[in-house]
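Me: I am new to this structure and would like to go through it step by step. Please show it to me first.

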Amino acid sequence: MTFVIHVPAIPALDVKGTEAKFPVHRIYCIGRNYAEHAREMGHDPDREPPFFFQKPADALLPNGGDFPYPAKTSDLHFELELVVALGQGGVNIEAAKALDYIYGYAVGIDMTRRDLQAEAKKLGRPWEVGKAFEKSAPCSAIVPASLIGHPSKGAIWLTVNGKTRQRGDLSQLIWSIPESISHLSSFFTLAPGDLLFTGTPAGVGATQRGDRLKGGVDGVGEIEIRVV
Ligand code: MN
């Protein structure tokens, strides 16, 4: 097949233990999935049904590195998150079977123009300008579940210039990973290559040019970016 314009590259992530890459299809994100973070954003952390938004796959910043401070914001926030990478797709996936669909795990940062997101919330507008801009999804290499299993507890943390800003534990997820996949697959047809950013623990905050952000999930990996 030929195309009338240049064909863009397939967004992809490194995979620990192999030279082969993981091709990324869609990036889904879950909102408010840790109670302390829901509270800090002014919401009741009761188990309201999970809600989702997307970032475009080409918003990935594989392996972190230099992160350009984006336009049109003066309140750029970090949200360190465990990322689930799907190896199989499906619809209406049962939570009891959801782990079988997972290829592996990574560590990502859901970079957010909080001022633009807050304005969108206030006006009942979509979140794209706050969440889905270029390079808004720094993400580590994927670690296959065949190597580490399926983490359900373990520290999740982020430091800014060496100082701890976010700290939580995967056991604090309001909606577990299998439950989140099950809910998501009731709204969308999931596909191999889909990523799910699973939510961030408390401590989100603003970051400035020159900051070094480093975060990780114990047993999964780490990601580091420098805001430039
Ligand atoms: Mn997030």
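Me: Are glutamate 81 and aspartate 110 buried or exposed?

Reply: This is a predicted model, in which local features need pLDDT of at least 70, side-chain atom pairs count only at pLDDT 80 or more, and totals for chains, interfaces and linings use all residues. Residues are numbered from 1 along each chain as its sequence is written, and side-chain values use heavy atoms, without hydrogens and water. Buried means under 20% relative accessible area, exposed over 50%, and partly exposed in between (1.4 Å probe, protein chains only). By that rule, both glutamate 81 and aspartate 110 are buried.

Me: Which residues coordinate the manganese ion?

Reply: Donors are N, O and S atoms within 2.8 Å of the metal (3.2 Å for Na, K and Ca); water is not among the atoms, so sites may look incomplete. The distances here are 2.0 to 2.2 Å. The residues are Glu79 (OE), Glu81 (OE) and Asp110 (OD).

Me: What spacing do the donors of the manganese ion follow along the chain?

Reply: Along the chain, the donors of the manganese ion follow E-x1-E-x28-D. Strands (E, at least two residues) and helices (H or I, at least four) are DSSP runs, numbered from the N terminus. Glutamate 81 lies in strand S8 (residues 80-86) and aspartate 110 in the loop between strand S9 (102-109) and strand S10 (112-113), a pair that links distant parts of the chain, 29 residues apart.

Me: Is asparagine 92 buried or exposed?

Reply: Asparagine 92 sits in the loop between S8 and S9. Its phi is positive, about 50°, although asparagine 92 is not a glycine. Because its relative accessibility is 58%, asparagine 92 counts as exposed.
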